[in-house]
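Have the viewer open as you read.

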Amino acid sequence: MLKEKYGKPKREIDHWSKEYYRGKYEKRGMAYAVGDVVSQVTWENGDTSIFAKIDGNNFKISVRIFYSSSALELVFRQKEKSKKQENF
């Protein structure tokens, strides 16, 4: 779904801790569930970065998607710096 929306990822990595399910695409869900694989994907879209991560442990699978904006990050850092100077 994210690949359809954002296109080809800038970076796509699978980290395998065990080899049992590696190469068995139909068993990938089980590999996530038992913690054998962690997948990470990153896109860059203008000033926005998108990071997705899938992992699991003890048969609980987590999917996380993070969005960050370099433009908004700069504004946030400037406001934080200003607050610290006011409290000094």
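## A buried arginine and its partner

Let's begin with Arg 28, which counts as buried because its relative accessibility is 18%, under the 20% cut-off for that class. Keep in mind as you look around that this is a predicted model.

What does Arg 28 form with Asp 14? The two make a salt bridge, and their closest N and O atoms are 2.6 Å apart. Arg 28 belongs to helix H2 and Asp 14 to strand S1, so this pair ties together parts that are 14 residues apart in sequence. Asp 14 itself is partly exposed, at 36% relative accessible area.

## Other salt bridges

How many salt bridges does the count come to? The answer is six, including the Arg 28 and Asp 14 pair. Another one joins the side chains of Glu 19 and Arg 22, at 3.2 Å from N to O. Here Arg 22 is partly exposed, with 44% relative accessible area.

In helix H3, which covers residues 70-87, Arg 77 and Glu 73 are four residues apart, and so about one helical turn separates them. They too form a salt bridge, with 2.7 Å between the closest N and O atoms. Glu 73 is partly exposed, its relative accessible area being 33%.

## Strands and hairpins

Now to the strands. S2 and S3 run antiparallel and are joined by seven bridges; across this pairing, Ser 39 stands opposite Ile 54 in S3. The hairpin they make has two residues between the strands, and Gly 46 takes a positive phi near 65° there.

S3 also pairs with S4, again in the antiparallel sense, over 10 bridges. Asp 55 has Ser 62 in S4 as its bridge partner. Two residues lie between S3 and S4 in their hairpin, where Asn 58 in the turn has a positive phi of about 55°.

## The largest pocket

Which residues lie nearest the centre of the largest pocket? They are Lys 3, Glu 12, Ser 39, Val 41 and Ile 54, out of a lining of 18 residues.

The lining draws at least two residues from each of H1, S1, H2, S2, S3 and S4, and S2 gives the largest share, with four residues. Sorted by class, the lining has 11 nonpolar, five charged and two polar residues.

Key:
Residues are numbered from 1 along each chain as its sequence is written. This is a predicted model: local features need pLDDT of at least 70, side-chain atom pairs count only at pLDDT 80 or more; totals for chains, interfaces and linings use all residues. Side-chain values use heavy atoms; hydrogens and water are left out. On a 1 Å grid over the protein atoms alone, a cavity is a set of points where a 1.4 Å probe fits but cannot get out, and a pocket is an open set with protein on both sides within 12 Å along at least five of seven lines; lining residues have an atom within 4 Å of a point. Ala, Val, Leu, Ile, Met, Phe, Trp, Tyr, Cys and Pro count as nonpolar, Asp, Glu, Lys and Arg as charged, and the others, Gly among them, as polar. Two strands pair if DSSP finds at least two bridges between them. A salt bridge is a side-chain nitrogen of Lys or Arg within 4 Å of a carboxyl oxygen of Asp or Glu. Buried means under 20% relative accessible area, exposed over 50%, partly exposed in between (1.4 Å probe, protein chains only).
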